[in-house]
Amino acid sequence: MRHIEHFIVGGTGSGAGGRMGDVFDPNSGAVQAHVPLGGKVELDVAVAAAKAAQPAWAATNPQRRARVMFEFKRLVEANIDELARLLSSEHGKVLADARGDVQRGLDVIEFACGIPHAMKGEYTEGAGPGIDVYSMRTALGIGAGITPFNFPAMIPMWMFGVAVAVGNAFILKPSERDPSVPVRLAEMFREAGGPEGILQVVHGDKEMVDAILDHPDIAAVSFVGSSDIAHYVYSRGVAAGKRVQAMGGAKNHGIVMPDADLDQVVNDLAGAAFGSAGERCMALPVVVPVGEDTAERLRAKLIPAINALRIGVSTDNDAHYGPVVTAAHKAKIEEWIGKAEAEGGEIVVDGRGFSLQGHENGFFVGPTLIDHVTTEMESYHNEIFGPVLQIVRAKDFEEAVLLPSKHQYGNGVAIFTRNGHAAREFAARVEVGMVGINVPIPVPVAYHSFGGWKRSAFGDHNQHGMDGVRFWTKVKTVTQRWPDGGGDGSNAFVIPTMG
Ligand code: NAD
């Protein structure tokens, strides 16, 4: 049995409390590794090492820090297949998606390679007589990241890519369900020349999260996960005087206007609703056809497309998607399908009870399509996070704008149309943080910033891009006056000359 260790300086012990968690192989349902579930004891060790290392790292000139990021990027790229295999074996996403997970994280590392430019401050000459004002960005000290299971490479890199490049030390608490890739990334950062103590990984669950939130030497916490926990992390972290950004859950809508190219929409939905078994915070689990005619035409095209999806083990290169992460998550998804049915939804394609031949104990869920879902249903308001697509029929454009706008989550939304005016109007009015126009998964590129609205994000700054730089730095503003010294020689400022 594989044993995963903390990646902390001065000890990789198995957890002082001795608690251990199981890491499954979702393809077979078997436990493939154990991970220590640590707490304050391990965190204190990591924080002490971070504290010792951070001042020198922050004082290293930004170009040299950027060179470490360049080398880290090279190493991750050189090992992308190994990382993707490891990631896929613990998460269950197919290899192409696993490679994408690493690649999207690398995009942020590329952004971080430009940190000397991104950290430049501002300058005003002559703000008053003989007065200049300048501001500089400085690191916070020690930052921490708490990440979800669904992107075990990308989301840690969203956070530490920027956090360490600006000069912080960073302690990562990855999901205990797929913790191996984060450890490999920290090892590669060391190999790339990152100083000891600048990037460490501690494993655990709520106990470790609470230790992070309460630790007086941790200045900032970035969290990504489900909304109730995001809100908890935000409140407790802020109460402890920390800077906190906490991204939560989602229920993204795809609006289909009557003039949309339906073949393209169905193709996009196959990927956006079912890819990665729907375990993406930017998945599109709700489709909103506008008008009954659009709804009927869309439904007729969706059914055969969904029935044609191939579910396989995560190493099957022909599989559209693999198993979900745990047996408990599979049960939860199937429960939501049952709930939707009980609430009056029509189960058009039913993925419950799906079993893959030869992998009967794997955590597979078949693709599911539910029609006639309404805003009264609990299954509409909650995140299912599985391969389940709900159809909510809207009578017109106005109703279609209101649906995502009034939903408790506001992460992403998409509109499919050939009408530029409708698209523009929609983008301007919809109450959601990330909008796609004929783009089903509008994840912003790394040099823009990622973040939703409402219960999809708590705190002020988004992830990566310039918002990431703002989150992981504090600004110091200097107002300076250099008088010329006057004429009596008592306070003379002499311009130094040679010789
Ligand atoms: P989760 O909330 O269960 O776990 C996230 C992190 O919180 C993990 O590190 C976990 O160990 C920790 N945690 C779990 N229970 C805790 C508790 N009671 N107290 C303190 N910490 C606790 O989320 P998950 O199931 O790993 O990930 C899926 C969720 O993440 C979905 O809701 C998804 O929408 C969301 N997500 C959001 C974004 C975004 O950017 N908005 C991105 C990816 C995933």
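Around the ligand sit 30 residues, and Lys173, Glu176, Ser226, Gly248 and Glu383 are the ones that come nearest (a residue is near if one of its heavy atoms lies within 4 Å of the molecule). This is a predicted model, so to speak of local features takes a pLDDT of at least 70 and side-chain atom pairs count only at pLDDT 80 or more, while totals for chains, interfaces and linings use all residues. Residues are numbered from 1 along each chain as its sequence is written, and side-chain values use heavy atoms, with hydrogens and water left out.

Sorted by type, the shell around the ligand holds 15 nonpolar, 10 polar and 5 charged residues (Ala, Val, Leu, Ile, Met, Phe, Trp, Tyr, Cys and Pro count as nonpolar, Asp, Glu, Lys and Arg as charged, and the others, Gly among them, as polar). At least three shell residues come from each of domain 1 (2-248 + 456-479) and domain 2 (253-437), with bounds from an automatic or database domain assignment.

As for polar contacts (pairs of N or O atoms within 3.5 Å), Glu383 puts a polar side-chain atom 2.6 Å from an oxygen atom of the ligand. A backbone N or O atom of Gly248 lies 2.8 Å from a ligand nitrogen atom, and a polar side-chain atom of Arg177 is 3.2 Å from a ligand oxygen atom. Taken alone, the ligand exposes 850 Å², and the protein buries 89% of that (accessible areas by the Shrake-Rupley method with a 1.4 Å probe).

Technical notes. A polar contact is a pair of N or O atoms within 3.5 Å; within protein, one must be able to donate a hydrogen and the other to accept it, and residues adjacent in sequence count only if both atoms are side-chain atoms.
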